[in-house]
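I opened this notebook to record, entry by entry, what I looked up and what I found. The entries follow the order in which I went through the structure.

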Amino acid sequence: MYKAKKHLGQNFLHDPNIIRKIVTVIAPQPSQPIIEIGPGLGALTQAILPLAKHLDVIELDEGVIPHLQQACAGLGELIIHHQDALTYDFSQHTDTATLRVIGNLPYNISSPLLFHLMQYTKHIKDMHFMLQKEVVERMAAKAGADAYGRLSVMLQYHCQIQYLFTVPPGAFRPAPKVDSAIVRLIPYQTLPVVANDYAVFAELVKQAFSQRRKTLRNCLKNFCQPEHFQQANIDPQLRAETLSVTDFVRLANFL
Ligand code: SAM
């Protein structure tokens, strides 16, 4: 029995029905470049590899690697990158939008990892991840919903996001305290709305959600003048959670 390392977010999947369900929604094909983040002991890897034939995986924990190699022996070509996924260059596999990224992600680094991946969307066809249910709800939330916030806006700027299904704690060892969920992200290859200056847009969204209960006028007082709200046709008395991604981009483009 491998002793899970809590600081690496290790909760290993063991429920064969859930694993089968995840493989079905991913539907890996042999000719596709697929990369798995955090393969751990190989619960997903050994189910995906025989279908994909070739798989790249990124794993930070050296301790799991011999177990992973053993679990996947003879199932296909497995390339192990012993590295931190937060610094991994996802553009190295392909110049076109064909890369498929999958993983039962370490929950402790889920937001920075998602933001890191957003830099590579022009290389990525789709992503399927297991994350905390509450995080997936935030990723997929629409304007006006309680879960809608900075993560929703920043990810939905780049991707279409679908909440696929919920996974109970009992599917993992050790069992996490919360429900998990599977999410699909499909990067837009042509963005529906384009920020003229991405850094300005990102900072605007960050400031707007810095104090959720306050109006946009208050949160953005060091950022937007009354005429900016007027030009963008946005009521400064509103709260950030009522603005769509398009509204945020429009306002950012007047700054
Ligand atoms: N895929 C396995 C499964 O479903 O049973 C393990 C999932 S576990 C939730 C997350 C995995 O990510 C662990 O194997 C952990 O060692 C690895 N990990 C944690 N931080 C990482 C990082 N920064 N880069 C790459 N892998 C990481």
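**Around the ligand**

I began with the ligand and found that a backbone N or O atom of G40 lies 3.4 Å from one of the ligand's oxygen atoms. Since the model is predicted, I take this as a computed distance. I then looked at the nitrogen atoms of the ligand: a backbone N or O atom of G38 lies 2.8 Å from a nitrogen atom, and a polar side-chain atom of D84 also lies 2.8 Å from a nitrogen atom. The protein covers 98% of the 590 Å² of accessible area that the ligand has on its own. In total I listed 22 residues that surround the ligand, the closest being L13, G38, E59, D84 and N104.

**Helix α3**

Next I looked up helix α3, residues 65-72, where I65, L68 and C72 are buried. These residues cover an arc of only 60° around the axis, which puts them on the same side of α3. I noted that the cover over the buried residues of α3 includes α2 (45-52), β3 (54-59) and β4 (77-82). After α3 comes G74, and I wrote down that its phi is positive, near 80°.

**H128**

Is H128 buried or exposed? I found H128 in strand β6, residues 124-132, and it counts as buried because its relative accessibility is 3%, where the cut-off for buried is under 20%. The side chain of H128 makes a polar contact with the side chain of R184, at 2.8 Å. Leaving aside neighbours within four places in sequence, I found H128 in contact with residues including V25, I26, R100, L164 and V183.

Key: Residues numbered from 1 in each chain as written. Predicted model: local features only at pLDDT ≥ 70, side-chain atom pairs only at ≥ 80, totals over all residues. Heavy atoms only, no water. Buried < 20%, exposed > 50% of the residue type's maximum accessible area, 1.4 Å probe, protein only. Helix = DSSP H or I, 4+ residues; strand = E, 2+ residues; numbered from the N terminus. Arc of directions from axis to C-beta. Contact = heavy atoms within 4.5 Å. Near = heavy atom within 4 Å. Polar contact = N/O pair within 3.5 Å; in protein donor to acceptor, adjacent residues only side chain to side chain. Areas by Shrake-Rupley, 256 points an atom, 1.4 Å probe, with all protein chains shown as cover.
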